[in-house]
Amino acid sequence: MRIQPRQHLLDIWKATVRSSWRDGAWQWGGRDGSNSISDAEQLLCILLPATTLRSFALDRPDATADTMARALAPLGTELTIPRNLARILADYFERYTADGRPVFAGGSYVTPAQQDRGGRGREHDLVESFAVSVTLSLAAISFVRVFRHSVARDSLRRELRSVERRASARLTAAMVGLLRSFSTHVFDADDTPGRALIAALDQDGLPARRVVAQLRAELRETIASFAEVVSGSGQTTELEGDHRLFECGWSWGIVADAPRVELVKAEEAREPEDAAADVGDFIGEQPAGVAENRPSLYFTAIALDAIEDLFSERTRVLGLLNEEQQRLARALQLRWDLTVSYWSTVATFGGTAWPLENVPWRTTDGQVSDHHTLLVASIVVKDLVRRRGSDSSLAQVGSVYDKLANRSGVLRRFQPEDSRGLLHPSGLVVPLVEGGEHAAAVPASWAVRDFTTFLLRRSVVVAGLMYDVEARTRLLHLVDRLWEHLESRRLGPGTVIGPQPSWYHTVRLVQCMVVLGELLSREPIVNDRLVERARDLLTEAEQLYDRELMVGTAETSGAVHDLLTGIRLRLERARSMLPSRPGTAVSLVASVLHELDSLDAVRGDDGAPAS
Amino acid sequence: MIVFTASARDGVGRSVTCANLLYRSALQGNDVCHADFDLGGRAIGALYGLEDAENGTMSGRGLHRYLRHEAAAPERVDVWERTSQSALRRRPADAGRLVLVPGDEGGAAFTPESPPDPRRCADLFRALDAEFGLCLVGLGSGRGPAVESILRATAGPEMADVPARWLVFHRWTPQQVIAASALVYGADGLLASARRHGHDEEEFARRLGFVRTAVMDPAAPAQSGLQVKQSVWLSHLDSRLRTLAAARGIRRDRVLGSVPLEPALHWQERILTDDDVAQGIAGRETRDAFDALAKSVGDEASWEML
């Protein structure tokens, strides 16, 4: 690979600390101001690698690598960096809590509605903030919990305990927010959204009635599962009826009229130092919802990613969730399952040629964009992971990614006059439409600007799932080309755009590097044919070696003895490598065969008398 | 500040590290002192180039005799003045005092039957603490009678206002890490003994630190002679060793400093001067490590627990 995740992450760490840590204090905000999302992104630039990649860990000072401590040197030593990070986290949780209620406003990231002079649209809780808070809170909880094992001083232990409590409260609040932002949008097959959906299914020649019936048949289990959606938003009883179609996922914020989620232990756990917080957290008043009851593809994809963090292996192994959160996580997982099933069914509807492959994707509100194809593809991949989908299905998604990359122009050499600005760099604009009667005519909006990093990250994920070496290599080649594109646009030391970093872009790059880092840390894919070959070679080599021992070659001289010892070690190594790294085994055995033969060859006919 | 220095075994480099640490601290402007309690032990005087007190003083006023009430006050040797190592004789104007309190030549070690008088010990420590910014008290290796006497002496009310600190030296090898850990945390270790003598165990642990000696750093220029495979192996071992040390209670926040493997000291235990570095006899990293160690040991903040 041409990307060097380790080096890039170290560079990002250095740059993040250089621009954020001034005069012993953390400076919040970047090019796009400071808000609950951007500030979390800024912190995650350091915390995400530190909590996901083992070699970047900072939570056990005894195991911290010198390189990592050096990269973050302005923040202190391996002993003081974790303490400072914990304090920065505490500051973050403090900043985004009002009257005991964690707040999730989009602030400067939101483009306000035209007539919205008071900037009300910037104060609404956003799914993007719920999502990033889930990731940040989980990272924070695991970080301070592990770090606390190395801490003896009571005052610092109390401090860390308090950070953990605050992170836990924010996590609970974010999960409640996600439960209340889930949306089931039901419509009739003859309505505008209904017709748009049928068009997107791309079944030329088939009467609409048949398409509806077939789709409903494929979604039968999903529809039945909606009966289990009993808390939060998105509950519906309207799915019966042959003409009924729907879509589900996440709106941009808490849905208007979303019911409040009952928290059993909320009142008991009011005090942050209270032991009852092991059961639940106090999260203050749950705000009234404002968002339109209609899923947004973008926020759906974001929410699905965050929810995955909740039931990841890491979260389970470290036991990061308390009882209340486990309950909420189960409710979210149900919605995750429904949503992934729904979108995957729709995107792969009808057999071999998928609607997904008909780029660009059309949403039910009539938007047409390559970006939507990318988002839907990411959901399809989640379904393939869940069902252990075949390599050919994965390759099909891979070729969609390839097509998207080509269409977006990111693979072409950068031209200043490049006019393909629709997707890049300005990106997709998601309107934050409010529900109810008081909705603004021109709503506030959210700009999605991460086409390339999103595509890069998803390509890495799919590549990591593949067992077919060729298909995988093709995809990793795409990853490299995407990276080249990004690198050409990176803020260099001599850039004139301005000194302010964009945490939005930086954290997305960090996510890519982390995913790639995880992929590169794995053992290489094993090729079965190579294993066979290695085994055959090894058998021959071992026989030849044993024969040399039998004829007493080892007794010839000390040097020959050492040579044969070296050969024995290599053969043992080759045997142990055989199942996991057959290529290595082949090369070891090849060198052994070569050497054994060089011993044997000199005994050939050289003109000396034979007897 | 008064610091007792110990090690589980001989040959760890405790004395030579102490001498260099004190020399660096004196250069930093502190009045420092080395009290040789390793009675019957190694030749501390020779380390400082003191030809007339290589194995202790012959004046009859060494530490042994003082502690046995055979001398009124122990002798003090001004190293700057009495050393024969020429580079040491040039005392910079802003350097502090560098004093050795030697044992007696031929003096016998303490035995459990004839321990030093705790009150005399306490008087001495209080006097040295008042007079010097940093005083290192060198003890023999392992848990000899001297250690026992010191633990007893420092537990009494006489020493209440002079909190004793302990530094345990060990080489950076699995065997020595285990030995150092046992010396401190073992069933018969320093902590257990301290508790028996009436010390507060937690308080005692808070004032106890470790120093790593003869550390091989694969990245250091001095190790540039290593083969590629050796250095890969070394850095692998290093990370395993860190885990081992942490598991044995030698955690990172208890480590006051680390001194690299230095061939010059391996061949001759001595004080490394800037001249030695300039002439290429000794590594710059070693000199810098002693300098950093002197700062860290003299700074109460670096003793703090995480």
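The model is predicted: local features need pLDDT of at least 70, side-chain atom pairs count only at pLDDT 80 or more, and totals for chains, interfaces and linings use all residues. Residues are numbered from 1 along each chain as its sequence is written, chains are lettered from A in the order in which they are written, and side-chain values use heavy atoms, with hydrogens and water left out.

**Stop 1: the nonpolar cores**

Begin by selecting A:L58, A:Y401 and A:W446, which touch the most other members of the largest nonpolar core, a set of 172 residues. A nonpolar core here is a set of buried Ala, Val, Leu, Ile, Met, Phe, Trp, Tyr and Cys residues joined through side-chain atoms within 4.5 Å. Buried means under 20% relative accessible area, exposed means over 50%, and partly exposed lies in between (1.4 Å probe, protein chains only). Next, display helix α5 (residues 127–148) of chain A, which supplies the largest share of this core, 13 residues. Helices are DSSP runs (H or I, at least four residues), numbered from the N terminus.

Which residues does A:Y401 touch, not counting those up to four places away in sequence? They are A:L374, A:A377, A:S378, A:V381, A:L455, A:R458, A:S459, A:V462 and A:L478, where contact means heavy atoms within 4.5 Å.

**Stop 2: where chain A meets chain B**

Now show both chains. The contact takes 14 residues from chain A and nine residues from chain B. Together the two chains bury about 1,100 Å², 51% of it on carbon and sulfur atoms; buried area is the accessible area (1.4 Å probe) that two parts lose on being put together, summed over both. Select A:D62, A:L79 and A:R153: in chain A, these lose the most area to chain B, together 55% of what that side buries.

How many salt bridges are counted between chain A and chain B? The count is three, a salt bridge being a side-chain nitrogen of Lys or Arg within 4 Å of a carboxyl oxygen of Asp or Glu. To see a salt bridge between the chains, select A:D66 and B:R242, whose closest N and O atoms are 3.1 Å apart.

**Stop 3: salt bridges in chain A**

Over all chains, the structure holds 55 salt bridges. Select A:E484 and A:R2, which form a salt bridge with their closest N and O atoms 3.0 Å apart. This pair links distant parts of the chain, 482 residues apart: A:E484 is in helix α16 (residues 469–488), and A:R2 is in the segment before α1 (5–20). A:E484 counts as partly exposed, at 38% relative accessibility, whereas A:R2 counts as exposed, at 59%.

Move to A:R148 and A:E164, whose side chains meet in a salt bridge (3.6 Å, N to O). A:R148 is in helix α5 and A:E164 in helix α6 (residues 154–179), 16 residues apart. Are these residues buried or exposed? A:R148 is buried, with a relative accessible area of 17%, and A:E164 counts as buried at 6% relative accessibility.

Finally, select A:R327 and A:E324, joined by a salt bridge (2.5 Å, N to O). Both lie in helix α12 (residues 323–347) of chain A, three residues apart, about one turn of the helix. A:R327 counts as partly exposed, at 33% relative accessibility, while A:E324 counts as buried, at 4%.

Notes: Helices (H or I, at least four residues) and strands (E, at least two) are DSSP runs, numbered from the N terminus.
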